[in-house]
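Please find below a note on the model under review. The points go from the whole chain to single residues.

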Amino acid sequence: MEIPENQLDYSYKSLDLVSEKAEAYGLDQVQAELYDSLVTYVGEVIRRRVKGQWVIRQDYPESLAYPTIQVKQRVLMPINVVWNELAGLEMMNLRKEAANEVRRFSVRGGFE
C-alpha cells in the first residue's frame with residue numbers, strides 16, 4: 001500500500017486512509033502480506049491515545065506470544081481490531097474498530 005509518510009500521523013483520521021488503501025489493495029493480500037504491519041500501526045494509534053505501553057503477552061507456555069497495549073493492569077488488543085476488520089463483511093473501518101476497543105477499555109475502568 002502506498003501511503004505518503006506525512007499522512008501516517010498515528011491519528012484516528014489516518015486510520016481512515018489506511019482502511020481505504022487496504023480495501024483497494026485487497027483484504028486477502030493485506031492479510032497475507034501486511035497483517036503484522038497493520039497490527040503495529042493500529043496498536044501505535046491506540047497506545048498514543050491511551051498513553052499505554054506495548055507488552056508482549058503469552059497466556060500459556062505452549063501458546064503463541066501476541067502484542068497488546070497495557071495501561072496499569074488493563075489490556076487493549078490491537079490484534080482484535082485488525083482481525084475483526086479483515087474478517088468482516090462490511091468495508092474496512094479501522095478507525096471505528098480502534099475507537100470501539102478504546103471505549104470497551106474505558107468502560108472496564110481503564111482510565112481511572
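The numbered points below describe the fold, the surface and several individual residues.

1. Basis of the note. The model is predicted, and local features need pLDDT of at least 70, side-chain atom pairs count only at pLDDT 80 or more, and totals for chains, interfaces and linings use all residues. Residues are numbered from 1 along each chain as its sequence is written, and side-chain values use heavy atoms, with hydrogens and water left out.

2. Secondary structure. The protein chain contains five helices and three strands. Their order along the sequence is α-α-α-β-β-β-α-α. Helices (H or I, at least four residues) and strands (E, at least two) are DSSP runs, numbered from the N terminus.

3. Overall dimensions. A compact globule of 112 residues would have a radius of gyration near 13 Å, and the 14 Å of the protein chain agrees with this. The radius is taken over C-alpha atoms, and the globule rule is 2.2 Å times the number of residues to the power 0.38. The C-alpha trace spans about 40 × 30 × 25 Å along its principal axes.

4. Burial and contacts across the chain. Of the 112 residues, 38% count as buried; the term means under 20% relative accessible area, with exposed over 50% and partly exposed in between (1.4 Å probe, protein chains only). Among contacts between residues at least 6 apart in sequence, 52% join residues at least 24 apart. A contact means heavy atoms within 4.5 Å.

5. Surface and charge. The accessible surface of the protein chain comes to about 7,100 Å², and 49% of this belongs to carbon and sulfur atoms. These areas come from the Shrake-Rupley method with a 1.4 Å probe; for residues, only the protein chains shown count as cover. There are 14 positive and 17 negative side chains, and the centres of the two sets lie 11 Å apart. Lys and Arg count as positive and Asp and Glu as negative, while His and the chain ends are not counted. Each charge is placed at NZ of Lys, CZ of Arg, CG of Asp or CD of Glu.

6. Ser-19. This residue belongs to helix α1, which covers residues 12-25. Ser-19 is buried, as its relative accessible area is 3%. A polar atom of the Ser-19 side chain lies 2.8 Å from the backbone nitrogen of Leu-94. With neighbours within four places in sequence left aside, Ser-19 is in contact with Met-92, Asn-93, Leu-94 and Arg-95.

7. Positive phi angles. Tyr-10 is not a glycine, yet its phi is positive, at about 65 degrees. Tyr-10 sits in the segment before α1 and is partly exposed, with a relative accessible area of 31%. Lys-51, also not a glycine, has a positive phi of about 60 degrees. Lys-51 is in the loop between α3 (35-50) and β1 (53-57); its relative accessible area of 73% makes it exposed. A colleague checking backbone geometry may wish to view Tyr-10 and Lys-51.

8. Gly-26. The loop between α1 and α2 (27-33) holds Gly-26. At 23% relative accessibility, Gly-26 counts as partly exposed.

9. Gln-7. The segment before α1 contains Gln-7, which counts as partly exposed at 40% relative accessibility. Not counting residues up to four places away in sequence, Gln-7 touches Ser-14 and Leu-17. From Gln-7 to Thr-40 the C-alpha distance is 16 Å, for a sequence separation of 33 residues.

10. Helix α5. Lys-96 is found in this helix, which covers residues 94-107. Lys-96 is partly exposed, at 47% relative accessibility, and its C-alpha atom is separated by 9.2 Å from that of Val-81, 15 residues away along the chain. Arg-103 also lies in helix α5 and is partly exposed, with a relative accessible area of 48%. The C-alpha atoms of Arg-103 and Gln-7 are separated by 25 Å, and the residues are 96 apart along the chain.

Note on methods
A polar contact is a pair of N or O atoms within 3.5 Å; within protein, one must be able to donate a hydrogen and the other to accept it, and residues adjacent in sequence count only if both atoms are side-chain atoms.
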